[in-house]
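Please consult the sequence and the structure below while reading.

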Number of protein chains: 4
Amino acid sequence: MTEHAYPTSLGASTPETISLFGHDLAEDLMGSVGFGELAFWLLARRRPTKGEVRVFEAVLVALADHGFTPTAIAARMTWLSAPDSLQGAIASGLLGGGSRFLGVTEDCGRFLADVLAEHAEDRPADDAPDGAWDELALAAVRAQREAGRFVPGLGHPVHKDRDPRTPRLFAIAQEEGLLGPHLRLFAAIGRVHEQVLGRRLPLNGAGVCGAALADLDLPPALLRGVALLARTAGLLGQIAEEQVHPLARDIYLHVDRASTYLDAESEG
Amino acid sequence: MTEHAYPTSLGASTPETISLFGHDLAEDLMGSVGFGELAFWLLARRRPTKGEVRVFEAVLVALADHGFTPTAIAARMTWLSAPDSLQGAIASGLLGGGSRFLGVTEDCGRFLADVLAEHAEDRPADDAPDGAWDELALAAVRAQREAGRFVPGLGHPVHKDRDPRTPRLFAIAQEEGLLGPHLRLFAAIGRVHEQVLGRRLPLNGAGVCGAALADLDLPPALLRGVALLARTAGLLGQIAEEQVHPLARDIYLHVDRASTYLDAESEG
Amino acid sequence: MTEHAYPTSLGASTPETISLFGHDLAEDLMGSVGFGELAFWLLARRRPTKGEVRVFEAVLVALADHGFTPTAIAARMTWLSAPDSLQGAIASGLLGGGSRFLGVTEDCGRFLADVLAEHAEDRPADDAPDGAWDELALAAVRAQREAGRFVPGLGHPVHKDRDPRTPRLFAIAQEEGLLGPHLRLFAAIGRVHEQVLGRRLPLNGAGVCGAALADLDLPPALLRGVALLARTAGLLGQIAEEQVHPLARDIYLHVDRASTYLDAESEG
Amino acid sequence: MTEHAYPTSLGASTPETISLFGHDLAEDLMGSVGFGELAFWLLARRRPTKGEVRVFEAVLVALADHGFTPTAIAARMTWLSAPDSLQGAIASGLLGGGSRFLGVTEDCGRFLADVLAEHAEDRPADDAPDGAWDELALAAVRAQREAGRFVPGLGHPVHKDRDPRTPRLFAIAQEEGLLGPHLRLFAAIGRVHEQVLGRRLPLNGAGVCGAALADLDLPPALLRGVALLARTAGLLGQIAEEQVHPLARDIYLHVDRASTYLDAESEG
């Protein structure tokens with residue numbers, strides 16, 4: 001008899017077997033379950049369908065790498081300083097996965113989920129036509145504007161007219177029969193926001209990813225985690241590239257050489 | 001003309017398109033390329049075959065979660081302290097991915113690659129029968145023993161006779177026609193080491209993963225990265241579970257309550 | 001002429017000299033400026049007085065180590081897994097410095113600063129007697145209660161009657177002539193909160209540290225940073241102890257051995 | 001009777017008191033012990049003398065900030081991405097504290113300690129004149145050269161003739177009577193290395209810090225920790241400056257805009 005017990009559904013071992021979620025890791029999972037599928041299973045604590053895996057992996061592919069983002073630069077700088085610790089470089093990059101650069105996915109999923117929860121009684125039925133969502137979308141955009149808050153998932157610094165990931169993810173979700181209320185509300189926001197905000201903004205890729213993940217019933221508190229998983233692969237790609245085409249030292253020298261003296265006491 | 005140029009094959013954007021490795025992210029990759037496939041591509045800087053993806057994903061599945069490892073405990077502790085920062089909890093867990101717990105995959109792949117490189121002239125041909133590798137394996141185990149070093153990938157604290165992941169990964173690699181020199185040398189080490197070490201140890205799962213990844217031509221300096229990617233999914237699973245079945249506080253209280261006073265000055 | 005310029009008051013070098021804040025690092029700072037003094041200077045961008053240094057260092061000493069906290073356990077776990085990377089173990093522990101365990105210092109300083117800013121017109125004069133602060137304290141506690149929020153800095157799980165750090169830090173600030181409006185408002189909250197909350201709670205050590213730092217004019221957004229600096233020393237102490245009295249493996253084995261199987265699908 | 005016990009000399013609490021190393025934190029340490037003194041105590045597990053504190057703090061001051069290093073850039077990038085998580089920005093910067101940029105202090109201290117340990121029988125007596133160390137220094141430099149290894153602590157990319165921190169730290173150690181065998185051997189290396197290497201290199205600041213810390217009897221495995229503690233203060237200074245003079249976004253935009261396409265498949 002032990003005083004403590006720590007119940008878990010995750011990895012467990014006996015001398016002969018290893019299990020995960022009660023399945024035999026070697027015989028039932030290795031070679032049969034894809035990595036995206038397993039990642040979904042770990043996050044949602046249930047095995048996904050094939051269609052769910054396709055949407056989920058499309059999101060991971062969409063979020064994996066965005067080139068020279070601040071997180072990519074941080075990871076390369078850390079690798080330059082401490083090439084003996086790959087884990088440190090990856091962790092350093094992931095730590096930028098906060099409110100600003102990787103947070104839109106989570107913010108958008110959460111915002112849509114909150115609107116749907118507030119309107120659980122009066123929201124369109126699942127088989128309602130698309131236009132039926134416009135009224136709710138209009139109310140949601142108005143409420144944000146009145147509260148002085150941005151609508152998450154609207155606008156992009158580069159893709160000013162149209163983010164190419166957005167129509168593609170809608171199409172994939174449609175193909176898999178997974179166009180749920182979060183994505184449909186998000187699409188409606190894309191149609192109606194101009195009436196409130198006075199200008200047309202694109203639905204961005206990070207936002208549509210959040211909507212699609214929320215339609216897969218992943219918990220809002222973990223949507224940022226999907227972005228982090230995707231970004232781990234992207235950061236490994238950055239370090240793999242740094243190993244064959246080093247840039248970090250050039251960036252560092254550029255910054256160091258362009259430094260000038262600022263008198264702290266004269267600060268406004 | 002710009003003074004600086006930072007060439008990259010990774011993510012790039014124009015107002016209309018996003019590309020990755022020169023492919024259109026939305027049209028060519030999302031929905032068509034799996035996440036494991038993309039991760040391989042990012043690490044190896046070349047697109048893998050279907051068979052390579054299956055072996056690679058089997059490795060990721062094998063390494064994703066091993067239950068209450070120190071890294072899982074670290075991630076749960078960090079989440080308990082700072083639940084507002086999921087990226088911090090994941091990074092905290094990944095930072096344990098160093099020499100001891102996640103390092104065997106890299107160490108084993110590197111060890112096998114080094115032995116093969118040293119014997120580039122006199123190693124068995126690719127179509128040689130399995131037994132042809134035993135001599136080289138014997139020499140490699142002897143050299144390690146004489147240098148007072150362990151053979152990476154041999155032995156496991158729990159799976160004392162046989163690690164179930166090992167035969168499974170060999171079988172998957174065989175099915176995909178990817179049983180290359182690293183795996184074959186590793187198998188030979190499994191057959192011959194007892195002659196040198198005087199006792200039979202199992203080929204462990206982390207080791208066979210390293211051998212399989214090396215046969216996929218992934219750079220040795222990035223093998224640890226594969227373990228880190230797998231573990232990111234596992235750590236997200238740990239936090240997903242912590243959110244519905246919290247344990248971290250119980251672990252913390254157990255440790256705190258069992259603390260006793262130690263006089264630092266009396267240390268031996 | 002360079003296209004870019006990055007002005008900074010911090011470290012700069014010529015072949016002959018190194019400077020920091022415009023001072024000669026070797027001749028003017030090394031051996032003359034204490035580490036706490038330099039840390040204050042770096043955070044506040046102005047050199048502190050002797051009295052300010054004493055209060056600041058008292059705070060750092062108060063926050064450095066609290067024994068087997070979750071952050072200490074995380075750091076020890078990470079060290080166990082990756083003993084080759086001390087920076088990873090320290091970073092792992094610091095990442096718990098978020099909203100819950102290390103955040104009270106920042107929350108309390110910010111709360112007091114906000115109350116003072118809102119009442120800039122009608123708050124007691126600097127030379128008012130202590131009791132003059134009670135009315136403002138009462139209003140602040142009532143406002144928090146009405147908003148359904150806790151008053152930061154009140155209550156402690158162990159020091160239920162009195163946190164020994166609190167009177168000591170008040171006394172040190174008094175001795176140095178640095179008992180400013182934040183500390184005086186905090187003391188008043190200690191006197192009056194029972195009238196609103198219906199029970200007496202101690203002013204805790206993390207809270208009084210936040211009040212004292214706010215009275216030193218450190219920016220609220222950096223108060224958590226003071227806790228992180230203090231904790232870096234504490235975590236180094238944890239790892240120094242782990243090297244001579246290893247415990248992390250015992251903690252890990254305790255958790256691993258007490259793990260039991262939980263069926264994920266049966267979750268409520 | 002409890003099954004587990006975790007002995008520790010560090011923080012412990014009762015409802016009335018908090019203790020650290022068996023001392024009353026509030027009454028005996030706060031206001032009486034400086035932060036540098038406490039940090040030394042935590043690392044060495046013994047209370048330092050006043051002279052030891054002065055040398056130790058001079059080292060911390062010397063290592064705190066070196067301007068726009070890769071670690072500073074990483075911390076600023078992470079802060080730009082995730083301004084809600086100061087701990088993430090600091091951790092991100094510390095993770096660069098590995099073999100290359102912050103490692104010289106540890107490498108040099110360890111190198112000197114190893115040479116002294118190998119020559120425990122035939123090294124100069126403590127009161128020997130300076131010149132008595134030259135022979136040992138010559139042997140040590142020769143051995144490194146023959147092994148194809150650098151002598152840690154020799155040479156600096158900017159301070160090509162003389163690192164101003166080096167004579168200053170020697171002078172401070174001398175003033176405090178703490179010029180021990182590590183510093184004296186290091187000084188001798190400075191005098192004799194030209195005979196072996198054929199050119200004169202300066203003893204660098206990171207190296208002399210390692211020598212001075214080794215003379216304070218700090219364990220070699222923790223010397224890197226001293227650099228990490230110093231750098232925590234420096235990184236807080238970088239973030240404090242970023243808050244009032246933001247640069248990270250300019251650096252990011254510079255890199256992003258100067259990116260050009262590289263064909264991965266054409267890599268040599």
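Axes are lines fitted to C-alpha atoms, for helices over the stretch in contact, and angles run from 0 to 180 degrees between N-to-C directions. The model discussed here is predicted. In the whole structure, a search finds 52 salt bridges over all chains.

- Helix H5 (residues 86-94) of chain A and helix H11 (residues 223-244) of chain B have axes that come within 10 Å and cross at roughly 45°.
- H5(A) is therefore oblique to H11(B), since angles under 35 degrees count as roughly parallel and 65 to 115 as roughly perpendicular.
- The crossing of H5(A) past H11(B) is right-handed.
- H5(A) contributes A:Leu86, A:Gln87 and A:Ile90 to the contact, while H11(B) contributes B:Arg224, B:Gly225 and B:Leu228.

**Salt-bridge network**

- A network of salt bridges links A:Arg45 with B:Arg76, B:Glu241 and B:Glu242.

**Salt bridges in chain C**

- C:Glu241 and C:Arg76 form a salt bridge in which the closest N and O atoms are 2.9 Å apart.
- This pair links distant parts of the chain, with C:Glu241 in helix H11 (residues 223-244) of chain C and C:Arg76 in helix H4 (residues 70-81) of chain C, 165 residues apart.
- C:Glu241 and C:Arg76 are both buried.
- A salt bridge also joins C:Glu52 to C:Arg46, with 2.9 Å between the closest N and O atoms.
- C:Glu52 has a relative accessible area of 9% and is therefore buried, as buried means under 20%.
- C:Arg46, by contrast, has a relative accessible area of 28% and is partly exposed.

**Salt bridge in chain D**

- D:Arg110 pairs with D:Glu106 in a salt bridge whose closest N and O atoms are 3.0 Å apart.
- D:Arg110 and D:Glu106 are separated by about one helical turn because they lie four residues apart in helix H6 (residues 104-118) of chain D.
- D:Glu106 is buried, its relative accessible area being 8%.
- D:Arg110 counts as partly exposed, at 33% relative accessibility.

Notes: Residues are numbered from 1 along each chain as its sequence is written. Chains are lettered from A and ligands numbered from 1 in the order in which they are written. This is a predicted model: local features need pLDDT of at least 70, side-chain atom pairs count only at pLDDT 80 or more; totals for chains, interfaces and linings use all residues. Side-chain values use heavy atoms; hydrogens and water are left out. A salt bridge is a side-chain nitrogen of Lys or Arg within 4 Å of a carboxyl oxygen of Asp or Glu. Buried means under 20% relative accessible area, exposed over 50%, partly exposed in between (1.4 Å probe, protein chains only). Helices (H or I, at least four residues) and strands (E, at least two) are DSSP runs, numbered from the N terminus. Angles under 35 degrees count as roughly parallel, over 145 as roughly antiparallel, 65 to 115 as roughly perpendicular and the rest as oblique. A crossing is left-handed if the near helix is turned anticlockwise from the far one by less than a right angle, and right-handed if clockwise. Contact means heavy atoms within 4.5 Å.
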